[in-house]
Structures are given as structure tokens and as C-alpha cells.
Amino acid sequence: MALISADRERFPNSPWQLVETRHEQGNEGTLETLFALGNGHLGIRGAHWASADSDLPGSFINGLHEIWDIKHAENAFGFARTGQRILYIPDANNFTVVIDGESLSLAESEVLDYRRSVDFSTGVYECRVTWQCRSGAVVTTTERRAVGFASRGALGISLDVVTDREVSVDVTSSVINRQDQPVEDHSAHDPRRAGRHAGRVLLPLRLDGGDGSLRLAWEAAESKQRVGVAVDHWTSAGHQPFDTLVDQDDSSVRYVLAVSPGEPFRLEKSVSYAAGRAIQDPSVDPAAAAEEGLRPVGDIFAESEAHYRDYWATSDIVVDSQSVLQQAIRWNLFQLAQATARADVAGIPAKGVTGSGYEGHYFWDQEVYLLPYLTYTNPDGARQVLEFRHGMLPEAKIRAKELSVDGALFPWRTINGLEASAYYAAGTAQFHIAAAIAFAANRYVWATGDTAFRDGMGAELLIETARMWISLGFFGKDGLFHIHGVTGPDEYTAVVNDNLYTNVMARFNLRAAAALEHAGITHEERQLWEAAANRMQLPFDERMQVHSQDNDFMHLEPWDWTTPRSKYPLLLHFHPLVIYRHQVLKQADTVLAMFLQWQDFTPEEKQRAFDFYDPLTTGDSTLSACVQGIMAAEVGYSREALDHFTNAVFIDLDDTHGNTIDGVHIASTGGVWSSLVCGFAGLRDQGPIPYFDPRLPSEWDGLTFHLKIQGRLLLVELRAGTITLTVRDGDALAVDVRGQLITVGAEPVQVALEPVPEPEPTVFPSGHPTASIPVVRVQERVQE
């Protein structure tokens with residue numbers, strides 16, 4: 001079911017904003033995600049200020065979580081023991097506005113005019129509503145919000161009330177502890193959704209307030225993590241609060257006054273949160289620490305505007321002649337900024353800080369789907385994420401011993417470094433996360449030339465993951481190196497032998513570690529890594545002449561493709577064992593391997609793999625469409641590439657997977673960036689020099705973006721038949737464009753591009769399904 005693209009009157013196309021011009025019941029939770037604000041550390045969902053008009057409101061701090069003991073119905077050695085779940089922090093985005101005794105709400109009041117927006121260029125949320133009050137007054141309320149960037153724990157909110165006649169105004173501004181509010185636990189029905197805790201989570205440490213100010217602090221019952229919040233209020237004309245009430249779950253400041261037409265009422269709410277290592281010392285008052293971060297609301301708005309002015313100067317991606325796609329692309333890029341800008345040394349949750357989906361855990365998503373974007377737009381941010389992973393090495397080494405392997409085994413899903421995946425088949429068995437971390441570290445070093453990281457933390461990550469692979473796998477009787485009992489990215493085939501993706505990425509990991517000049521690597525160890533890499537088993541089906549996803553995939557029973565669309569995603573309607581025994585994919589697995597390790601496969605192998613696996617891929621994973629589109633572009637399927645890209649760019653805007661309510665699919669937004677840069681512009685990295693093989697869609701007039709690469713700022717401009725490269729900052733750069741070696745400096749270098757012929761699709765021997773799952777095609781709707 002489409003949302004944004006289906007109603008362009010309600011959601012008009014605007015290249016720098018997401019706009020809603022009419023309120024309707026039914027999609028409040030999804031829109032709270034789409035209109036959310038964040039900076040990578042602090043996030044505020046885009047809920048309306050009145051409780052009656054919100055569905056799943058809340059605020060989050062990256063990494064602030066509660067823990068519990070996982071209770072397995074049937075336990076076994078090495079199962080995950082500690083659950084972790086991101087917390088709803090006490091939420092400051094709450095008001096009640098009473099005009100002449102009428103409490104205003106979209107649900108029950110008469111609305112004359114309505115408009116809300118989030119501005120990508122400034123990071124400012126605004127909602128303006130004109131109300132026809134029962135007393136006869138016409139009142140307009142305007143709420144604006146922004147999060148800080150220099151002060152990453154800061155939130156600024158302003159509320160204006162304008163009236164056409166004198167009215168009695170009663171405004172209450174609240175801080176609500178939503179974590180301990182009674183809310184339905186949806187996770188029993190959908191494992192992608194966050195569950196709830198049975199008992200009270202946030203225990204009050206300090207509850208102070210007076211004269212319009214609040215100083216509050218709590219501690220999580222089990223994790224003992226602490227959070228403090230400080231709130232100050234300011235009003236036009238210096239109105240004093242009627243009262244200030246303090247409670248562990250609902251603290252408020254109330255103003256009661258008369259407002260006349262010539263004197264609008266403005267309430268400014270400055271909020272500051274403190275959380276993290278700095279306030280875990282019992283001698284530190286979290287509320288006092290939060291107070292130090294308080295900033296005037298105007299300063300917070302200015303911080304946000306300055307941040308995005310700098311961000312878009314080098315991170316914008318412009319698609320000419322496609323204004324609707326342009327809006328969607330910028331929304332995705334805006335989400336990437338909101339998820340990462342001020343995360344600092346921390347992970348990137350699968351939903352960023354826009355919701356509680358996937359419990360706020362960090363997955364391999366951040367290394368494979370998000371770090372490419374960060375590496376080429378914000379290298380310092382990429383380094384900090386890798387530093388965060390490196391900080392998990394002690395726990396990863398302990399976990400490796402639990403699973404009888406050497407080196408380090410990083411958790412599949414985690415917040416605090418411990419494995420939190422209770423279902424090992426689709427969790428712990430995904431050993432490929434080790435190679436994802438090594439791959440991201442290697443890419444970062446290649447793209448930045450950061451020798452200090454390469455020789456220090458980067459080397460440790462590559463070495464310890466290589467040690468894990470060499471002990472996990474074995475040399476078989478055939479002389480080849482095998483890795484058994486693993487799950488690849490495709491979670492619809494689990495605990496298999498010689499998953500191609502895992503083996504290809506492990507081979508990369510072993511080779512990259514063996515190439516290091518590091519005193520910690522023995523000669524024998526280096527030789528063993530090289531031998532395992534050179535003898536890695538890569539399953540190949542001779543009959544189909546295509547790489548097999550694993551040793552047994554080609555022997556599985558084909559999926560029944562007459563299964564009705566209402567039964568997708570399959571994971572919500574079929575037992576895992578039913579899915580595991582069929583030839584059906586949740587996401588592109590082998591195709592992803594061929595994208596990441598692009599040098600290792602021939603064009604014919606890539607095309608045959610795409611032709612074989614694309615029809616088998618349900619797209620039940622939001623990580624799939626972007627990768628399928630990238631590889632479709634590479635093999636020359638221009639229509640399929642654009643279709644997959646368009647599906648990817650609207651995944652959240654149109655809520656095509658039905659769970660955008662729980663937060664933005666941040667990895668998919670990273671995939672949108674890669675689709676543009678690696679798919680249509682054809683960037684491939686980690687070779688001798690940067691390589692471009694562009695595939696600009698014929699419907700597009702141009703594609704323009706910047707890359708921060710090897711100490712330079714490279715401008716890339718694609719037009720039909722040409723690519724133009726310019727180094728905007730830094731020394732000249734050697735680049736390979738389709739085998740033509742060029743040197744790019746401050747003067748633009750234009751290279752002519754021959755059209756890419758579309759190949760004939762592969763015809764496979766009979767016996768494998770070719771009917772692709774019908775998907776929502778929005779391309780026709782976005783063409784102008």
C-alpha cells in the first residue's frame with residue numbers, strides 16, 4: 001500500500017521538504033517515523049503535541065537500554081543469555097492547549113487549515129494548524145522543533161498561539177516517562193517489533209522542579225544506565241507559570257493567561273538530555289549534567305541550520321529532471337544524516353533513533369550498508385563507528401571461546417557487546433558479520449589513507465576475525481577449505497554448508513589480514529590464511545552454470561509461487577523449517593557477494609547469478625532491493641535497475657513493508673546512497689585506484705554528487721554519454737573509467753561513455769521457477 005506517492009495532494013512534491021497538507025486518521029504511527037528528527041545520539045519521533053493525536057510517540061538516546069535474562073524454553077550451551085532493548089527516554093514533546101475551555105486536538109476539534117513539514121535543508125520540523133474553536137475564536141498554533149548538533153543532547157521546541165479575538169489560554173508543557181506507560185507488546189505478533197518489559201524500568205533518582213524549570217533523572221532497573229533531563233521554559237511578555245508539578249512519570253509546567261489578537265503567545269521549551277559513560281559515576285548528578293547542556297531555543301535552531309548547510313554542500317545527490325525522485329532521495333539522505341551525524345563513538349541502530357524496532361540493536365547493516373556512505377561523506381564518523389566495534393573486541397574474544405573458535409566472534413545483534421539474538425539459526429550462525437567488519441575497516445583505510453587506524457585498531461580487527469575464520473573452517477578431503485554450519489545474509493536458508501557469500505567474504509578477510517605488515521602475525525599463520533583463501537570452496541552448479549548459494553541450495557524444493565501476496569513476508573506466516581527446505585530467498589545473497597567482491601567474478605557469472613536469483617528473491621528484506629538494483633545496473637538491465645531503485649527509495653515513504661511505524665529502515669537508506677553512487681555511477685573501490693563504470697538511466701538527464709576520497713573532494717557529474725570528474729579540494733587523483741586511466745585535478749576531466757547494450761537474459765534448464773513475486777511498482781507514478 002503506497003502512502004506518500006499515492007496522494008500528492010496531501011503530500012505535495014517539494015524537493016527540500018516532506019510536507020503534509022491534510023490530516024487523516026489511520027497512518028499516525030508511520031508518519032511519526034517519517035517526520036522524526038535526530039542527530040545520531042538523540043531522536044524524537046514526529047508525533048503531534050496532543051496525546052489524542054499520537055500513535056507511538058517517543059524519544060530515544062542511542063545506546064541507552066535495559067537488559068534482562070533471556071529465558072529459553074529449551075536451553076543449550078552458548079545460547080545468548082542477555083537481552084537488550086533500547087529505552088523510551090522521558091519525552092519532552094508534549095503539550096495540551098485549552099482555548100476557552102476547549103482542549104484542542106485533531107481528533108475532535110474543527111480544523112480550518114493544516115500544514116506540517118520537515119525541512120531537509122534546516123532540520124526543522126514545523127506544524128501549523130488553524131482551529132475553529134467552539135467559542136467562536138479562530139486560533140492558529142505553530143509548533144517548531146529542532147535537535148542540537150554542537151550540543152548533541154539538546155532539543156528546542158517553540159509553540160506559538162495566535163488568535164483573532166481575546167481568548168483564555170491554558171497551556172501545559174509536559175515531560176512524560178513513556179517507557180513505563182502501559183503499551184501493548186506487539187513483538188509476539190511480529191519479531192521485527194520491539195517488546196515491552198514486564199516490570200518498571202526507569203527508577204527515579206531526582207525529581208525537582210519550580211518556576212517553570214524541571215531537573216529530573218532516572219536509572220534503569222537492571223542495566224543501571226542513567227539518564228538526566230533538564231527543561232527550562234521561556235514565554236513572550238514574561239508570563240509566569242501557573243504551577244509546576246513533578247512526578248516520576250509526568251512532570252509539567254502550566255501557563256494560564258488571556259491572549260489578545262495583537263499579542264501572540266509564544267512558549268519556548270529548551271530541553272537537554274545527559275546519558276552515557278560520563279554520568280554513570282554515582283557521584284555525578286545526571287540532571288545537573290543535563291543542565292550544563294541547556295541552550296536557548298534559538299541557538300538550537302541555529303545549530304541545526306548550520307549543520308545542514310554544511311552537510312548538503314558536499315553530501316547532496318542531484319538527479320536532473322526527476323523532481324519526485326529527488327524529494328525521495330533527499331529524504332533518504334536526510335535520514336542518513338539524522339542517524340549518524342553525532343553518534344560519535346557508538347553504533348548505528350537498525351532504526352537509527354527514529355523508533356524502537358529491532359530493539360535498537362546494531363547489526364552488520366552498519367558495516368555493509370551504512371559505512372560506505374559514512375566513509376565517503378563523513379570519514380571521521382566512519383572511523384568512530386569502527387572504533388566502537390573495536391571496543392567490543394574483549395567481549396568478542398570471550399564469545400569466540402564459547403563457540404570453540406579462535407580470535408574474535410562479534411555478536412549478530414547487540415547494544416552492549418553481548419549477543420542478544422535468542423534464535424541462533426538466524427542470529428549467531430551469521431558468522432559473516434566478522435567479514436563485514438573487516439571489509440568496512442579495509443574500505444575505510446583504502447578510502448582515507450588513515451595509516452594510524454590501519455596499523456592499530458584496523459589491523460586488530462582484520463587479524464582477530466581472520467583467526468576466527470581459520471578455526472571455524474577446515475581443509476576437507478578434497479583439499480578445499482570449507483566453512484560449515486553458517487547462515488548467510490539470506491535468512492530463508494539457515495545453518496548451511498559453504499554459503500557462497502560467507503566463503504567469499506571470509507576469503508577477502510583472510511587475504512586482507514595476510515597482506516598486513518604486522519608483528520602480531522607469524523609466518524606460519526600468514527601462510528595458513530593464504531592457503532585457506534586460495535583453496536576456499538565456492539559452490540558452483542555445473543548444470544545451471546551458476547554459483548550456488550550454498551552446497552545444497554540447488555537441491556531444495558522450489559517455492560510455490562502461487563502463494564498469495566497476503567502471506568508475505570513469509571517469516572510472519574510460515575514456520576522457519578517450512579521456508580528453509582524451499583528454494584526461496586529473503587534477500588539477495590550470492591548477488592551481494594558479487595557486488596562487494598566485484599573483482600572476483602566475471603561479467604557472465606554476475607549476469608547468470610542475477611538472472612537465476614532475482615526471480616527467487618521475495619524482497620521480504622528491505623536490504624534487498626538496493627543490491628538487486630546495483631547489480632541489475634552492472635549487468636546492463638536498465639529497466640530492472642530503475643525499478644529496484646525506485647522500490648528502495650520509497651520503502652519507508654510508502655511503507656511498503658508495513659512496519660515503518662517502528663522506525664526508518666536506516667540500512668535501506670544507506671543502500672539508496674550506494675544505488676546512486678555504486679549502481680548508476682558505477683563506483684567500485686578497494687582496487688588499485690577508484691573505478692567508475694556508469695549506468696545512467698535513460699530517463700534521467702544527469703546525476704551529480706561528491707565523494708571524500710583519499711584526502712580529496714571529488715565532484716562526479718554524469719550526463720548521457722559522458723562522465724565529468726573534478727577534484728574540488730586536494731591533490732590530483734588517478735581514476736579508472738571503464739579501463740581508461742585518467743588523472744583528475746582542479747580542472748574538469750570529461751570522458752565519453754559508449755552506450756551499454758542490454759544483454760539477452762539467461763535461459764536456464766527447466767526445473768527452476770521463473771515467476772517473480774509481484775511487487776508494488778511506483779515508477780509509473782513518479783514519472784512526470
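At what angle do helix α5 and helix α6 pack, and how far apart are their axes?

## Helix packing

Helix α5 (residues 365-377) packs against helix α6 (residues 379-391) at an angle of about 145°, and their axes lie 6 Å apart. Axes here are lines fitted to C-alpha atoms, for helices over the stretch in contact, with angles running from 0 to 180 degrees between N-to-C directions. The contact (heavy atoms within 4.5 Å) involves residues of α5 including L371 and L374, and residues of α6 including V385 and L386. By class, this contact of α5 with α6 has six nonpolar, four polar and two charged residues, where Ala, Val, Leu, Ile, Met, Phe, Trp, Tyr, Cys and Pro count as nonpolar, Asp, Glu, Lys and Arg as charged, and the others, Gly among them, as polar.

## Basis of the model

This is a predicted model, in which local features need pLDDT of at least 70 and side-chain atom pairs count only at pLDDT 80 or more, whereas totals for chains, interfaces and linings use all residues. Residues are numbered from 1 along each chain as its sequence is written, and side-chain values use heavy atoms, with hydrogens and water left out. Helices (H or I, at least four residues) and strands (E, at least two) are DSSP runs, numbered from the N terminus.

## An open sheet

Four strands form an open sheet with mixed pairing, in the order β27-β28-β32-β33; two strands pair if DSSP finds at least two bridges between them. The edge strands, β27 (683-684) and β33 (740-744), each pair on one side only. β27 pairs with β28 (residues 691-692) in the antiparallel sense over two bridges, and F692 in β28 is the bridge partner of L683.

## Salt bridges

The structure holds 44 salt bridges, each defined as a side-chain nitrogen of Lys or Arg within 4 Å of a carboxyl oxygen of Asp or Glu. One of them joins E20 and R10, whose closest N and O atoms are 2.7 Å apart; E20 lies in strand β1 (residues 17-20) and R10 in the segment before β1, so the pair ties together parts that are 10 residues apart in sequence. Both E20 and R10 are buried (under 20% relative accessible area, with exposed over 50% and partly exposed in between, for a 1.4 Å probe and protein chains only).

E525 and R467 also meet in a salt bridge, at 2.7 Å from N to O, and this pair links helix α11 (residues 523-534), which holds E525, to helix α9 (residues 451-472), which holds R467, 58 residues apart.
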